[in-house]
Amino acid sequence: MTKFGVREASYDALRLATAGHSAATQNGLLNQIYVWHADGSELDLFDPTETGLTAALAAAVSGDTVWLPSIPIALTAALTISPGAALVGLSKNSVLNFSGFSGAAITLGA
């Protein structure tokens with residue numbers, strides 16, 4: 001029997017490990033920002049902060065997916081997503097809280 005496989009993918013995401021629980025004890029992902037590379041190379045992990053998200057988006061190239069953890073991330077500047085890359089939240093708790101600037105919050109690369 002597997003831990004995953006419910007018809008709604010967000011239910012699987014809600015069972016993933018949360019801050020303070022190790023992947024070894026929970027058999028899931030940590031609250032990190034993950035870059036899943038389209039070429040199958042090793043995942044890149046970044047801290048769930050504005051700096052971490054900016055670095056993750058810079059590391060993503062066409063075909064890659066940046067996965068946000070199931071926690072809010074506070075941001076004080078706009079983000080740009082690389083051309084062909086995707087930004088996805090693991091669950092309904094994946095929230096980007098923007099404040100302190102004006103203009104578009106997220107810009108898609110050309």
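Analyst: In E3, the bridge partner of Tyr34 is Trp67. The model is a predicted one, in which local features need pLDDT of at least 70 and side-chain atom pairs count only at pLDDT 80 or more, while totals for chains, interfaces and linings use all residues. Residues are numbered from 1 along each chain as its sequence is written, and side-chain values use heavy atoms, with hydrogens and water left out.

Strands (E, at least two residues) and helices (H or I, at least four) are DSSP runs, numbered from the N terminus. Two strands count as paired if DSSP finds at least two bridges between them. E1 and E2 run antiparallel and are joined by 3 bridges; E1 also pairs with E3 in the antiparallel sense, over 3 bridges. Strand E3, residues 65-68, pairs with E6 in the parallel sense over 4 bridges. Within E6, Ala86 is the bridge partner of Thr65.

Taken together, 4 strands form an open sheet of mixed pairing, in the order E2-E1-E3-E6. Its edge strands, E2 (44-46) and E6 (86-89), each pair on one side only. From one strand to the next, the twist averages 20°; axes are lines fitted to C-alpha atoms, for helices over the stretch in contact, and angles run from 0 to 180 degrees between N-to-C directions.

Helix H3 (residues 50-59) packs on this sheet, touching E1 (33-36), E2, E3 and E6, where contact means heavy atoms within 4.5 Å. The direction of H3 makes about 160° with that of E2.
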